[in-house]
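Take a look at the sequence and the 3D structure below.

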Amino acid sequence: MFLTIAHRGDPLVHRENTMPSFRSAVDKGANTLEFDLRLTRDGRIALLHDASLQRLWGVDAQFADLTLAELRAIDGQGYEVPEFAELIDEFDDVTFLVDLKTDDVVAPAVEALRKKPGAFERAIFVAARRGGREALIKLRQDTPDAIIGLDWTEENPAPAELLDAMKPQYFGPRWAVADAAEVPRMRSEGYRVWVGPLADPAQVAAAVAYGVDGLVADDIAELLSLMP
């Protein structure tokens, strides 16, 4: 299955990483939802990309300093920070691209996914942040059946020792470094490859022609309209 990956849902229409954003992306045909997980002060798993609530929610506070109830009390003009369990419960037939924003959310996220039959098997774990590779290596050691994607921004191939330690099934370089990261070789060696996030239609068309197994996009409708 070619992965059509909705980057934080449908963020050009709805606030990113919210349930309306995810519903809109799925309604438009996305088969994969990308989102970001963090732990609240009271240990609940919720969704937000930034460590701070300032950019999206207009609140000068750190996500990790607030409880889930305090997050829910924020006036989001019709939106609220979702709990991970809501997303798991609602979407039964899409792939989850799970960006683990902190080390402490890894084990709780695995546990939450395992509670719903079939959900863990539909989850691909990534950790794009600095230090995230070590967290994914530990995830591989602790959870051998996890599906892992190596996010890649560097203009060179992924080192063999890193691939051996992490054993990712997916490789996710930015489009700008696809050649330098040797995408054709990675695919020939059995890794499934996505690129993105992409916003420009010409880039989307070029990435499809290049030969990858998935694309990440902010505008999921435009992405699907450009698919062959």
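This report covers a strand, its two partners and the nonpolar cores.

The model is predicted: local features need pLDDT of at least 70, side-chain atom pairs count only at pLDDT 80 or more, and totals for chains, interfaces and linings use all residues. Residues are numbered from 1 along each chain as its sequence is written, and side-chain values use heavy atoms, with hydrogens and water left out.

**The strand and its partners**

Start with strand E6, residues 147–152. Helices (H or I, at least four residues) and strands (E, at least two) are DSSP runs, numbered from the N terminus. In E6, 5 of the 6 residues are buried, so the rest of the structure largely encloses this strand. Buried means under 20% relative accessible area (1.4 Å probe, protein chains only).

E6 pairs with E5 and with E7. Pairing takes at least two DSSP bridges between two strands.

| Pair | Sense | Bridges | Opposite residues |
|---|---|---|---|
| E5 (residues 123–126) and E6 | parallel | 2 bridges | Ile124 and Ile147 |

From E6 the chain crosses through helix H7 (residues 160–166) to E7, in a right-handed β-α-β crossover. Right-handed means that, with the strands pointing away from the viewer, the path from the first strand over the helix to the second runs clockwise.

**The cores**

Which residues have the most contacts inside the largest nonpolar core? They are Phe35, Phe84 and Phe125, in a core of 57 residues. A nonpolar core is a set of buried Ala, Val, Leu, Ile, Met, Phe, Trp, Tyr and Cys residues joined through side-chain atoms within 4.5 Å. A second, separate core has 12 residues, including Ala46 and Leu48.

Note on methods: Buried < 20%, exposed > 50% of the residue type's maximum accessible area, 1.4 Å probe, protein only.
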